[in-house]
Amino acid sequence: TGRPPARAGRPGGSPGAGGASGRKSRRGRGAAGMAGLELLSDQGYRVDGRRAGELRKIQARMGVFAQADGSAYIEQGNTKALAVVYGPHEAIGLRAAPPQIRGSRARALPDRALVNCQYSSATFSTGERKRRPHGDRKSCEMGLQLRQTFEAAVLTQLHPRSQIDIYVQVLQADGGTYAACVNAATLAVLDAGIPMRDFVCACSAGFVDGTALADLSHVEEAAGGPQLALALLPASGQIALLEMDARLHEDHLEQVLEAAARAARDVHTVLDRVVRQHVREASVLLGD
């Protein structure tokens, strides 16, 4: 009677079987559920006490590095990410770029700016103390997702033949890593004064026994149920990026997608407040 893999995807929508006592319960389908961990109680509470659509606490700061053109730090629950932005700067030669990116041989685009994104995670960011070399598969995939996300949001046509570099590092990972990276990078791009169509706000969502859960923690992600990550431009409702890493019946897709979109709009409310507070503080320092 072996356990299924921790991240084995299954179609959502079928309620969990009752326990040994016959009491109806809502349990995760993966490793966490097999261990007896109740992801959603009969009263509608999750493992960390949140309701199904409730976000984890978000704290953020802008302008954390004076040497960069833009920077930001964000905490979403126990997930912590740092973003730094350089640019727009010259794409050929990269004389204005910091030393770590001068080796890039990206060609200048005649009609728009080139968006370069790099992702990394600190060795101490998770409970696993294994080395992750720079440029491993996971980092490359995350960097590509971030680039696709911000190409849809940054007004690159205003800076032809130039380059914008976005660096994101995860200091602590506890679920929703992509979302934290996007939200931190959004604040850093705004701090750099780079024009955008809108905020880019991201959030994850999952599906447990007929209920959509927003802003998944590591425990909920490790349960192995259907999950998606959404990056949204809240003013227009446009989707910058949508990714799903397990099968989900089409009858439930709209419910999970709406939960993620609603959570992303809640994230926008928090980020907008952070930006306004940063502008007020900057105005006081400048004496305006």
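Student: What is the mean pLDDT of the protein?
Tutor: The model is predicted, so confidence comes first. Of the residues, 78% reach a pLDDT of 70 or more. The mean pLDDT of the protein is 83.

Student: Over which residues is the pLDDT below 50?
Tutor: One such stretch has 71 contacts in the model beyond near neighbours in sequence, and it covers residues 1-35. Another has 17 contacts beyond near neighbours, and it covers residues 93-105.

Student: What does leucine 146 touch?
Tutor: Leu146 is one of the buried residues of α2. Leaving out residues up to four places away in sequence, it touches Cys117, Tyr119, Val168, Tyr178, Cys181 and Val182.

Student: How far does helix α2 reach from its first C-alpha to its last?
Tutor: Helix α2 runs over residues 137-151 and has 15 residues. At 1.5 Å a residue, 21 Å is expected. The model comes close to that, with a reach of 21 Å.

Student: Within what arc do the buried residues of α2 fall?
Tutor: The buried residues are Ser139, Met142, Gly143, Gln145, Leu146, Thr149 and Phe150. An α-helix has 3.6 residues a turn, so residues three or four places apart point the same way. Seen down the axis, the buried residues of α2 line one face of the helix, because they fall within an arc of 160°.

Student: What covers the buried residues of α2?
Tutor: The cover includes strands and a helix. The helix is α3 (177-191). The strands include β4 (114-121), β5 (162-172), β8 (227-233) and β9 (238-244).

Student: Is arginine 56 buried or exposed?
Tutor: Arginine 56 lies in the loop between α1 and β1. Its contacts beyond four places in sequence include Asp48, Gln76, Asp174 and Asp215. Its relative accessibility is 8%, under the 20% cut-off, so arginine 56 counts as buried.

Student: Which residue has its backbone oxygen 3.1 Å from a polar atom of the side chain of arginine 56?
Tutor: Look among the contacts of arginine 56, which include Asp174, Gly175 and Gly176. The backbone oxygen in question belongs to glycine 175.

Student: What distance separates the C-alpha atoms of valine 85 and alanine 185?
Tutor: Valine 85 lies in strand β3 and is buried, at 0% relative accessibility. Its contacts beyond four places in sequence include Ile164, Ile166, Ala188 and Val189. Valine 85 and alanine 185 are 100 residues apart along the chain, yet their C-alpha atoms are separated by 7.8 Å.

Student: What kind of peptide bond joins glycine 87 and proline 88?
Tutor: Proline 88 is found in strand β3. Omega for this bond is about 0°. The bond is cis.

Student: Is proline 160 buried or partly exposed?
Tutor: Proline 160 sits in the loop between α2 and β5. It touches Leu109, Pro110, Asp111, Arg112 and Ala113, leaving aside residues up to four places away in sequence. Its relative accessible area is 40%, between the 20% and 50% cut-offs, so proline 160 is partly exposed.

Student: What distance separates the C-alpha atoms of alanine 205 and leucine 257?
Tutor: Alanine 205 is in strand β6 and is buried, at 0% relative accessibility. Its contacts beyond four places in sequence include Val256 and Ala260. Alanine 205 and leucine 257 are 52 residues apart along the chain, and their C-alpha atoms are separated by 7.5 Å.

Student: What is the phi of aspartate 215?
Tutor: Aspartate 215 is found in the loop between β7 and α4. It is buried, with a relative accessible area of 1%. Its phi is positive, although the residue is not a glycine, and lies near 55°.

How values were computed:
Residues numbered from 1 in each chain as written. Predicted model: local features only at pLDDT ≥ 70, side-chain atom pairs only at ≥ 80, totals over all residues. Heavy atoms only, no water. Contact = heavy atoms within 4.5 Å. pLDDT = per-residue confidence, 0-100. Helix = DSSP H or I, 4+ residues; strand = E, 2+ residues; numbered from the N terminus. Buried < 20%, exposed > 50% of the residue type's maximum accessible area, 1.4 Å probe, protein only. Polar contact = N/O pair within 3.5 Å; in protein donor to acceptor, adjacent residues only side chain to side chain. Expected span 1.5 Å × (residues − 1). Arc of directions from axis to C-beta.
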